[in-house]
Amino acid sequence: MGNDLGHIEQQRQLDIKFMAQALELAKSAAKKGNEPFGALLVKDGQVIMTGENHIHTESDPTYHAELGLIRQFCSEQKVTDLSHYTLYTSCEPCCMCSGAMVWSQLGRMVYSLSHDELAEIAGFNIMLGSDEIFAKSPFRPEVTKGILKELAASIYTQYFR
């Protein structure tokens, strides 16, 4: 049992470390004129690729951090199965990005702020949370929620207000 607790604490520390990086990517995206969303793909405790929101700089409303990262990584690596990867994202993904996680068979997803919490800050809502998408999907990543959400809330509050 002590070993299980040690593993859980070790995973929590990794989640905090990688979420801090995702939030830095979100801030970077905002500095470049995009919305503040960032993501990173991790395998075996190593960052494999990072992504930022590029909807304004690329004039592509679908260029969200998560979808862009999944699209780029899978294309470059010639893979469609991410079941051995974890995606860290600064905020709960929208229905489009959640769908990409389903179709890429993502193994695990970790986010900071929920879409309902973001809606309170931003004043609008994406209408469907990732839980709803995953519940009706053939592949469901393991999900960890709320990592560094106070820090995320301050980033989004600063951006949307």
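Colleague: Which elements do the buried residues of α3 pack against?

Modeller: Contact means heavy atoms within 4.5 Å. The buried residues of α3 pack against α2 (65-77), β3 (86-91), β4 (108-113) and α5 (130-135). Helices (H or I, at least four residues) and strands (E, at least two) are DSSP runs, numbered from the N terminus. This is a predicted model, where local features need pLDDT of at least 70 and side-chain atom pairs count only at pLDDT 80 or more, while totals for chains, interfaces and linings use all residues. Residues are numbered from 1 along each chain as its sequence is written, and side-chain values use heavy atoms, with hydrogens and water left out.

Colleague: Which residues of α3 are buried?

Modeller: Buried means under 20% relative accessible area, exposed over 50%, partly exposed in between (1.4 Å probe, protein chains only). In α3 (residues 95-103), the buried residues are Cys97, Ser98, Gly99, Ala100, Met101 and Val102. Cys97 counts as buried because its relative accessibility is 0%. Just after α3, Gln105 has a positive phi of about 55°.

Colleague: How many disulfides are there?

Modeller: A disulfide is a covalent bond between the sulfur atoms of two cysteines. The rule asks for a pair of cysteine sulfur atoms within 2.5 Å. By that rule the count is 0. Cys91 is in no disulfide, as the nearest cysteine sulfur, that of Cys94, is 9.8 Å away. For Cys97, the closest cysteine sulfur is in Cys94 at 3.8 Å, too far for a bond.

Colleague: Which residues of α6 are buried, and which are exposed on the other side?

Modeller: Ala152, Ile155 and Tyr156 are the buried residues of α6. Seen down the helix axis, they fall within an arc of 90° (taken from the directions from the axis to the C-beta atoms), so they line one face of α6. Glu150 and Gln158 are exposed on the other side of α6.
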